Amino acid sequence: MGARIAVYPGSFDPLHEGHLDIMRRCRPLFDEVVVAVLENEGKAPLFSVPERVDMLRELLAQEGPGFRVESFSGLLVEFVDRLGACAIVRGLRAVSDFEYEFQMALMNRRLDPRIETVFMTPREEYSFVSSRLVKEVFRLGGDLRGLVPDAVLRRLGERLPPQGVSA
Ligand code: PNS
């Protein structure tokens with residue numbers, strides 16, 4: 001049997017502790033975890049794909065071997081197939097994530113029945129954290145320590161000076 005490779009895909013704009021928690025949890029289940037950043041410049045992301053890849057590489061370098069970071073475009077299942085991976089990992093935070101994730105998992109299975117989607121739940125203290133809220137709270141000057149890695153907070157500070165509150 002070849003190496004069991006999993007792909008953990010996403011936008012990661014930006015990466016937060018919930019993502020890192022899922023990466024740490026799935027790592028022991030596979031020989032290698034490839035974190036795959038979607039090239040979705042059309043969604044007007046805050047960080048470019050190379051910036052997101054750099055941040056992920058920097059943080060995952062501290063997590064030990066077995067992680068790789070790549071970007072991809074086109075169909076996820078085709079990328080997974082090209083890597084010879086057997087599984088797609090997705091985080092499920094709450095019931096509200098379920099419908100979208102369920103549709104994607106079934107569509108991906110329809111497109112390539114050999115690939116399994118594995119759902120993992122992050123630690124409860126990260127169950128409400130999303131990249132969208134991270135950006136909003138940061139812009140408004142809220143405290144995100146503990147929810148976003150310091151290296152990402154620093155980059156957010158360079159990109160998005162907090163607006164503070166106006167009278
Ligand atoms: O972090 P996100 O934005 O929720 O990740 C969504 C992602 C990247 C998993 C999804 O948009 C995706 O797989 N896009 C690649 C294109 C594709 O394969 N679309 C069909 C999915 S059923």
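What follows is a set of questions and answers on this predicted model.

Visitor: Which element gives the largest share of the largest nonpolar core?

Guide: The largest nonpolar core has 36 residues. Among the elements that give two or more residues to this core are strand S1 (5-10), helix H1 (17-26), helix H2 (49-60) and helix H6 (150-159). The largest share, six residues, comes from H2.

Visitor: Which residues have the most contacts inside this core?

Guide: Take Met23 and leave aside its neighbours within four places in sequence: its contacts then include Tyr8, Phe12, Val35, Leu56 and Phe67. The residues with the most contacts inside the core are Met23 and Leu156.

Visitor: How many residues are in the second core?

Guide: The second core is separate. Ala36, Phe72, Leu76 and Val80 are included in this core. Its residue count is 13.

Visitor: Is Phe12 buried or exposed?

Guide: Phe12 is placed in the loop between S1 and H1. Its phi is positive, about 50°, although Phe12 is not a glycine. Residues under 20% relative accessible area count as buried. Because its relative accessibility is 3%, Phe12 counts as buried.

Visitor: Which residues does the cis peptide bond join?

Guide: Pro14 has its place in the loop between S1 and H1. With omega at about 0°, the cis peptide bond joins Asp13 and Pro14.

Visitor: Which backbone nitrogen does the side chain of Ser130 reach?

Guide: Ser130 is found in the loop between strand S5 (116-120) and H5. Ser130 counts as buried because its relative accessibility is 14%. Leaving aside neighbours within four places in sequence, Ser130 is in contact with His16 and Arg93. At 3.1 Å, its side chain reaches the backbone nitrogen of Leu133.

Visitor: Which element gives the largest share of the lining of the largest pocket?

Guide: About 1100 Å³ of space lies in the largest pocket. The elements that give two or more residues to its lining are S1, H1, S4, helix H4 (95-111), S5 and H5. The largest share, nine residues, comes from H4.

Visitor: Which residues of the lining lie nearest the centre of the largest pocket?

Guide: The lining residues divide into 19 nonpolar, 13 polar and nine charged. The lining has 41 residues, and those nearest the centre of the pocket are Gly10, Ser11, Arg90, Tyr100 and Glu101.

Definitions and conventions. Residues numbered from 1 in each chain as written. Predicted model: local features only at pLDDT ≥ 70, side-chain atom pairs only at ≥ 80, totals over all residues. Heavy atoms only, no water. Core = buried A, V, L, I, M, F, W, Y, C linked by side-chain atoms within 4.5 Å. Buried < 20%, exposed > 50% of the residue type's maximum accessible area, 1.4 Å probe, protein only. Helix = DSSP H or I, 4+ residues; strand = E, 2+ residues; numbered from the N terminus. Contact = heavy atoms within 4.5 Å. Polar contact = N/O pair within 3.5 Å; in protein donor to acceptor, adjacent residues only side chain to side chain. 1 Å grid on protein atoms, 1.4 Å probe; cavity = no way out; pocket = protein on both sides within 12 Å on 5 of 7 lines; lining within 4 Å. Points joined across faces, edges and corners; volume = space filled by probe spheres on them. Nonpolar A, V, L, I, M, F, W, Y, C, P; charged D, E, K, R; others polar.
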